Amino acid sequence: MWKLLIADDEPRIRNGLRKTLPWSEMGIEVVAEAENGKEALEAAALICPDLMFVDINMPFMNGLELIEKLQAQNPDCLVIVISGHDEFAYAQQAVRLNVFDYLLKPVQKTELNAAVNKALEVLMKDRVELKHTQWMNHKLEFNALTMREEFLSKWITGRLTKEQFEEEWPFFQLHFHGQTSLLLLKPLSKVSVSAPNKIWDPSLLEFAIKNILNEMLPQLPVSAVFSVGKGRIAALTQISKLTVLRAIYQDFERTVMNYLGVSLLLSHAVVEQFEQVPESYEQLHQELLRESVLTPIVMMTKKYLETYYYKEDLSLSEVADQMNVNATYLSKLLKRDLGKSFVDCLTDIRIKKAIQHLNDPTSKIYEIAQKVGYQSQHYFSHTFKKMTGVSPLEYRKRGEY
């Protein structure tokens, strides 16, 4: 329904206009009446009418003043002046204010009907044009995003020449500066701890994951999420603070698990020079390939350890229970697929997480130890040195993270 507001200081006139034509049959609803210009302007701000009948001679604010203010406040509203003044000066000013029509009282039913029908034609035409413009803008935006995805996918997978990259890159206005994060992930649509029988349509799952990642990255300076090959998704993000970015990635992985019930294989690298992104992508791709050949139980075990590594008492039997397998059987699978014992797998993950925490100079060593599952700082330092060859403090001083 189109919305009509009637502004006239005479109740008799307002009542007559409200009853003159079969408004509902014409697709119009009389949404408000006003007895002065000020009241009409306030009502228009709240209601946003499509059409207004305005009298010239009203208290507090006359009709011409009202129309002038409406042009700024409700520019799409069509105004039909219904006035008792037939002076040329009023009509001239109304034309200058771009009113739709100017009718004299007492207005004839046929005259009013003709003016309103003309207004409806304009309103309908404008609405169709607006919808078309919105549709075109949506298509252009969608096509631009699709083109950007295709460009980035071709570039990092080595399917663009240097000349093609330099020619096309400025068009997409992705202004990366300094360190860049490259995240590569692959959804495991058939492997889920929370919903082991859930199987997603691959394209729908990819769409959902990209949406979640896009929603979580805009808070960062520059980012781009795109598909690369079958079942793989990449994200390029300019790094402002690495600890913040890692926290976002962890939150993203938890969100995907909680809402979609799907585990992810993730691999992440920090690239110092932007032109090195394709090279880093190939390294991450090879990592994912190595991970993807693991048996589902080993995959889920790794994901479980990467999620709950901070638990001091995390044990083989607890994880085996979560995987619904015998502890001895799980231990043999880990040794066969990874060449490591359960303890070695857990220690590897804890030390990697500790190295990430060392990037934050405000974190104390004993705090880092507790965050990665060690109550004893001494034992943590001993384990860290055994794994890396240096103590946590020496590692931090060298800046090797």
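**A tour from the annotated domain to the cores**

Begin by selecting residues 299–398, the stretch that an unreviewed UniProt entry annotates as "domain: HTH araC/xylS-type". Keep in mind, as you look around, that the model on your screen is predicted.

Colour V277, P278, S280, Y281, L284, H285 and L288, which are the buried residues of α9. They lie on the same side of α9, because they cover an arc of only 150° around the axis. In general, an α-helix has 3.6 residues a turn, so residues three or four places apart point the same way. Turn to the other side of α9, and you will find E279 and R290, which are exposed.

Now move to W155, which, once its neighbours within four places in sequence are left aside, is in contact with L160, F165, L236, F274, V277 and P278. W155 also belongs to the largest nonpolar core, a set of 59 residues in which L152, W155, L236 and F380 touch the most other members. To see which helix gives the most to this core, select residues 342–357, helix α13, which supplies 7 residues.

As a last stop, select A32, L41, A43 and C77, which are among the members of a second, separate core of 24 residues.

Methods: Residues are numbered from 1 along each chain as its sequence is written. This is a predicted model: local features need pLDDT of at least 70, side-chain atom pairs count only at pLDDT 80 or more; totals for chains, interfaces and linings use all residues. Side-chain values use heavy atoms; hydrogens and water are left out. Buried means under 20% relative accessible area, exposed over 50%, partly exposed in between (1.4 Å probe, protein chains only). Helices (H or I, at least four residues) and strands (E, at least two) are DSSP runs, numbered from the N terminus. The arc is that of the directions from the helix axis to the C-beta atoms. UniProt positions are given in the numbering used here, feature names are shortened, and annotations may be inferred rather than shown by experiment. A nonpolar core is a set of buried Ala, Val, Leu, Ile, Met, Phe, Trp, Tyr and Cys residues joined through side-chain atoms within 4.5 Å. Contact means heavy atoms within 4.5 Å.
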